[in-house]
Amino acid sequence: LCTAFARTPTAALPLPRRAAAAAMSAVDLEKRFKRAEFWEAGDASLLELVNVLGRWESCSEWLERTRFAVVEDARKENMVQGASVERYDYARRNGLVERLAMVQNVPQLPFRDERLAAWAGKSVREMNAMPVSRAAVEIVFDSLTQSKSSLVPEKVMDERRARLIGADGGFDEGGFL
């Protein structure tokens, strides 16, 4: 008999407050995550990912952007094209959100999800004091797009973000991976 996967009868019972705090402390907030493009530099801790997710509930909060790149040669494919006003207009016309909009805007939003902060053993104030790393934003976007894509439908983004938050208001790592 394999007991590693056996459920105990008490698993479904609500935990007392102290036990819930102890269970939460079992979460490794320093666990590191990398980009979908593993050769890209940068990684982020679970706590940094939570810091990104606690700043928004719907992509409508950050999908508008006002900084654009000027494309000098439209035939030359490069990263500048993804930052152009034409790319932004295309995304808006087609109901898509851009990675670049998330990178530009989410770090400017306040952290406001009290339940998610509590899950991480922090207060909203403590989460707001933490810097938002570009790597963490990129990794969250990779997870939500389930690829290295830079565009995703708004509805899909919101649905996938909602699945990352458990019924207890905490981060659902199983939904993230």
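Residues are numbered from 1 along each chain as its sequence is written. Local features in this predicted model require pLDDT of at least 70 and side-chain atom pairs count only at pLDDT 80 or more, while totals for chains, interfaces and linings use all residues; side-chain values use heavy atoms, with hydrogens and water left out.

The protein chain contains 10 helices and 4 strands, where helices (H or I, at least four residues) and strands (E, at least two) are DSSP runs numbered from the N terminus. Their order along the sequence is α-β-β-α-α-α-β-α-α-α-α-β-α-α. Of the 177 residues in the protein chain, 38% are buried; buried stands for under 20% relative accessible area, exposed for over 50%, and partly exposed for values in between (1.4 Å probe, protein chains only). The accessible surface of the protein chain is about 11000 Å², and carbon and sulfur atoms hold 54% of that area. Accessible areas were computed by the Shrake-Rupley method with a 1.4 Å probe, and for residues only the protein chains shown count as cover. Among contacts in the protein chain with a separation of 6 or more, 67% are between residues 24 or more positions apart, a contact being heavy atoms within 4.5 Å.

The buried residues of α2 include Leu 46, Leu 49 and Leu 53, together with the acidic residue Glu 48. Helix α8 is mostly covered, with 10 of its 12 residues buried. Among them are Val 137, Ile 139, Val 140, Phe 141 and Leu 144, as well as Glu 138 and Asp 142. Just after α8, Gln 146 adopts a positive phi of about 60°.

The structure contains 12 salt bridges, each defined as a side-chain nitrogen of Lys or Arg within 4 Å of a carboxyl oxygen of Asp or Glu. One of them pairs the side chains of Lys 31 and Glu 173 at 2.4 Å, N to O. This pair links distant parts of the chain, 142 residues apart: Lys 31 is in the loop between α1 (17-25) and β1 (32-34), and Glu 173 is in helix α10 (residues 173-176). Lys 31 is partly exposed at a relative accessible area of 34%, and Glu 173 is partly exposed at 23%.

A salt bridge also joins the side chains of Arg 32 and Glu 48 (3.7 Å, N to O). Arg 32 lies in strand β1 and Glu 48 in helix α2 (residues 46-53), so the bridge ties together parts 16 residues apart in sequence. Arg 32 is partly exposed, with a relative accessible area of 43%, whereas Glu 48 is among the buried residues of α2.

Glu 61 and Arg 112 form a further salt bridge, with their closest N and O atoms 2.5 Å apart. Glu 61 is in the loop between α2 and α3 (79-82) and Arg 112 is in the loop between α5 (99-105) and α6 (114-119), so this pair ties together parts 51 residues apart in sequence. Glu 61 is partly exposed at 30% relative accessibility, as is Arg 112 at 41%.
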